[in-house]
Every structure is written in C-alpha cells, then in structure tokens.
Amino acid sequence: MTESDRELAASLRRRVTPANISGLKVGAPNPVAIQSMTTTPTLDTEASVSQALALAEAGAQLVRLTAQGVNHAANLENIKEELLARGCAVPLVADIHFNPAAAFEAALHVEKVRINPGNFFDPGRTFRKMEFTDEEYSAEIEKIRQKFIPFLELCRTHGTAIRVGVNHGSLSDRVMSRFGDGAEGMVESALEYLRICRDENFNDVVVSIKASDVPVMTDTVRLLVERMAAEDMAYPLHLGVTEAGNALEGRIKSSVGIGSLLSDGIGDTIRVSLSEDPVNELPVARCLVEHTMANLAASKQYGGPRRTRTGRRKGSAPEIIGHTESAAERYKLIEADRPSRIAYVRSVLDDYDMAAPTCIVLSYPEFSDCDELIVAAACDLGALLLEGYGDAVGISSPLLTCEEAEDLCKKIVQAAGIARFQAEIVACPGCGRTLFALPVALEKVKQACIHLKHLKIAVMGCIVNGPGEMAGADYGYVGAAAGNVSIYRGTECVKRNIPQDEALAALIDLIKADGQWIEKGADSENA
C-alpha cells in the first residue's frame, strides 16, 4: 500500500476516542495496532522478558502477560524494568481474571490492564439460573460501581489504560440469567462497565468481545458497535477470535472473523490467537492488516465499506467450484480479481435477484506468497459467506492446485459456520496459566479426532475459558494441575486431574463409550 492508500483507508475507518498507551495511539484514524501474548509463567522474569523481546522484534506493538495473582502482577514491574534495560519499550498489558487485587497491583506497573467483566467482580460462572427483580439487578450494578470506580481512579492517577474484554466462555451467571448466553448477554456485559467508564469520564478504554465461534464473534461485535453508537460511546475496539486453534485452521478462522470486520472499517487493535509459538501470530496479523486496509482504500470506488444485506445461510454448504466453465452454465458467475473483492461482489449483487443462484470466484493473480494468499482469501470469501452470499464459491491462484484451492474453500466455509468438513476443534493459544504442553496435546487430538466431523472438541489451557467455551462443544480436554488434564462431556467434568500422557486415551474412551466414535475412513455423516 502507498502512503496515500493508508491515509484513505484510515479515513474510511470509524472515528473513535483515542486511547494512549505509552505513546501508541489506539483508535481511528490511527493505524490498526497488532498485539500478542506471552505463554511463559509471569513469575519467570527471564523467560517472560525473552519472549516479550521476541514478540516485539516480530512486530508486536503491545505484549500481554497473564497475572493470575498479586505476586504475578507485582513481578510485571521487574519484567518491565528488564525490558527497558534491554532497550525495549513495548507497552505491556496485564491479563486479569477472577482477581481484582491483581488488577490494582498491575495498574501500577504496566500500560494497560485487561479485565474480564464476566469474572472480575462476579464469581466464575457455574451455569446457575439466577432470579433478580429490577431493583435487585440494579443493586448488583451498584456494587460493581463501588468496586470498579476506585480501580478507574488508580488507573487515572498512573496513566494506565484498561481493556474491558468480554469472552463468550466466561459470562457471569448473573448476566446470562437476565440477558442470555448469546450476543445480547455479551454486549450487555461490556456495556455495564463501559457506562461506568463514561460516567466517570475515564476515556483510556479499549473494548473487546471474543468467541471461538466466528459468526457469534462477528455478529456480537457489530451489535456492540450499534449499541455503543446508540449510547453515544466511541471506544476503540480490539478484535480476535479466541480459541482459533493452530495451523491452517487457526489462520483461516482468525482471518475470516477479524478480516470481515476490519474490511468494513471496524476494529482498532487485533490479536491472532494461535496455539503455537506466539511469534507465529505476528506475520498473520500484519498480512491481515495490510490486506484489509487495501480493501478499505479500494472500496471507495464502490461506495465505501458497507454491509449490503444479512440473512446467513446455514446447514447447506455452497458448492465448491474447481472450474468456472461448468459453473457459468449453472450460476450467475461473479469473478473478482482485484481489491476490494468484497466491495466489488457486493456492488454487482446490489440490484441482482438474490433468489437466483450465484457463483463467486475470487482470483488472486497478484500474490507470490502462499501464506499471504490464504489470509487474503479467508478474509474476502469469509466476509461474503458470513453475509449469505454465494450458492457456489471458488478460489483461483497460480500458487494453488485445484485440490488445494478446493480444500481452502472448504476450510473457509467451515470457519464461517456454514457446514463441517472435519471435526470442529477449538483450542486456546495458551498463556502463563497453562501448565501442560498444549500445542503437543492439540496436535495429538487433531490427528486422532479430525475425521469426526459430527463433533466439536475443545482443547483448553485452563479453567478461565475452558468450561465456558466448551458449553458449545461436545467434548473437552482442559488443563488442570501441573501436567494434568481434565476430560469433559459438554460442561460436565467426567475425569479430573489425569496425567497428560493418559488424557488422549481417556478422551477417546469417553467418545467411544457415548457411541460417538467412528473409525477413520467410515462415513460420519449419520453418526
């Protein structure tokens, strides 16, 4: 992108109140900021410093570390000092769950503190149904105000920003009981805290809503944007698909979710969450930002970024097209080979009779790097699929064989939540709370279970999002004590604290006992 393209893309993004994080301005018209998170124990200063340095060198503009206790939060001071001593001034973010005292301590040492409304003052969810009168519910909000305002004042005094970070997997029982475990509940969970920030004139705030399900994440972020606008709020948005997994699936899932929003001008900071070395997240994130900013700049010729319609198709996958010649005989064929492919396809279909079948083929002749192509194609085709476009879809590139292009299409269709071609395996990226070899475990679970396309299986590092995000999963593999794992059926813990080297067999045994296992090569369509 040229500098003028960057300026144009920035001007098309929504205007928000800037949040300053150690000199890094967050919020349009500033460039989208990229961040990542360490997977090292926060009490291990040297390991955390080394990984933070590697992330900063790879392009992370913010680095997040978990701080599960006050001691962990206090050690952030040592990590910060050592980074500065080594010439690295990357802003640090403390990640807080369940422990307000750790947040108060962390605010003294880092540039930003992420709090989770689902478990900051509310207890962790247990899926209890709670009944409140309007007066009783208002009293609960007042309790939060009384506890939260001193934290805001401390942050104001020390120039510390905050992120109000909602995760689908950790909504409180209180919020779920009144607003449900969906988009409305997630948005309300964020707004409860944002209203307090607004009332207290505390503006160094970023907000995020994440989920492992891409349509849930994108729909909820769009609803949050609408609700904030209705309440005259304009806080910067952090985007991410949590528990995206690893390898091709993790990159595609993140690109579909984050990219579809960025391409519509929504989002100010991003994190691509991969269950790998966190350094691997940064090239994907950079490519995603570059591609979506090019989309925004090019969309001006088609009227700028906009969503033309909703009405997502579910349950039936679009036909995957390998050759456009045969497709043209059966569909209205729309071929797009330039930025912004999303805006171009939308413009063609604006006045088209959507009852007639359409085939969308996105061509990428300009790409010379396959990894970048995958990110771009997932972003573009995913955004169109999330809106319901395309009875048939295809991708064309000199870098891909016909079989590779078809496989990429299938993975994008699955990431968009339309149909499954393999097991849906969600996995968190791990952090300092993770006490077992999560990337190794994930690969073993994938190799053993990827053919079970009728199942959704979760591989989670710890209890923060584990049982919650697994509410939609059939089975779960969740970190417990050091080196140990617990096995879940839905939200029910079936086996607790078993050694990791026994956990995969225990998971498979449970699936078999439930009659859900099929052998590889057999048809799982009717399983």
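The residues lining the largest pocket divide into 10 nonpolar, 3 polar and 7 charged, where Ala, Val, Leu, Ile, Met, Phe, Trp, Tyr, Cys and Pro count as nonpolar, Asp, Glu, Lys and Arg as charged, and the others, Gly among them, as polar. The model is predicted, so that local features need pLDDT of at least 70 and side-chain atom pairs count only at pLDDT 80 or more, whereas totals for chains, interfaces and linings use all residues. Residues are numbered from 1 along each chain as its sequence is written, and side-chain values use heavy atoms, with hydrogens and water left out.

The largest pocket holds about 450 Å³ of space. A pocket is an open set of points on a 1 Å grid over the protein atoms alone, where a 1.4 Å probe fits, with protein on both sides within 12 Å along at least five of seven lines; lining residues have an atom within 4 Å of a point. The volume is the space filled by probe spheres set on the points, which are joined across faces, edges and corners. Of the 20 lining residues, Cys287, Phe367, Asp371, Glu372 and Val375 lie nearest the centre of the largest pocket. Helices α9 (247–262), α10 (281–299) and α13 (370–386) each supply at least two lining residues; the largest share, 8 residues, comes from α10. Helices are DSSP runs (H or I, at least four residues), numbered from the N terminus.

Two of these helices also pack together. The axes of α9 and α13 come within 7 Å and cross at roughly 55°, axes being lines fitted to C-alpha atoms over the stretch in contact and angles running from 0 to 180 degrees between N-to-C directions. The two helices are therefore oblique to each other; angles under 35 degrees count as roughly parallel, over 145 as roughly antiparallel, 65 to 115 as roughly perpendicular and the rest as oblique. In this contact (heavy atoms within 4.5 Å), Leu248, Ile252, Ser255, Val256, Gly259 and Ser260 of α9 meet Ile374, Val375, Ala378, Cys379, Gly382, Ala383 and Leu386 of α13. These residues comprise 9 nonpolar, 4 polar and no charged.

Helix α13 also packs against α12 (residues 341–349), at an angle of about 30° and with the axes 9 Å apart, which makes α12 roughly parallel to α13. Here Arg341, Ile342, Val345 and Arg346 of α12 meet Cys379, Asp380, Ala383 and Leu384 of α13. By class, this contact has 5 nonpolar, no polar and 3 charged residues.
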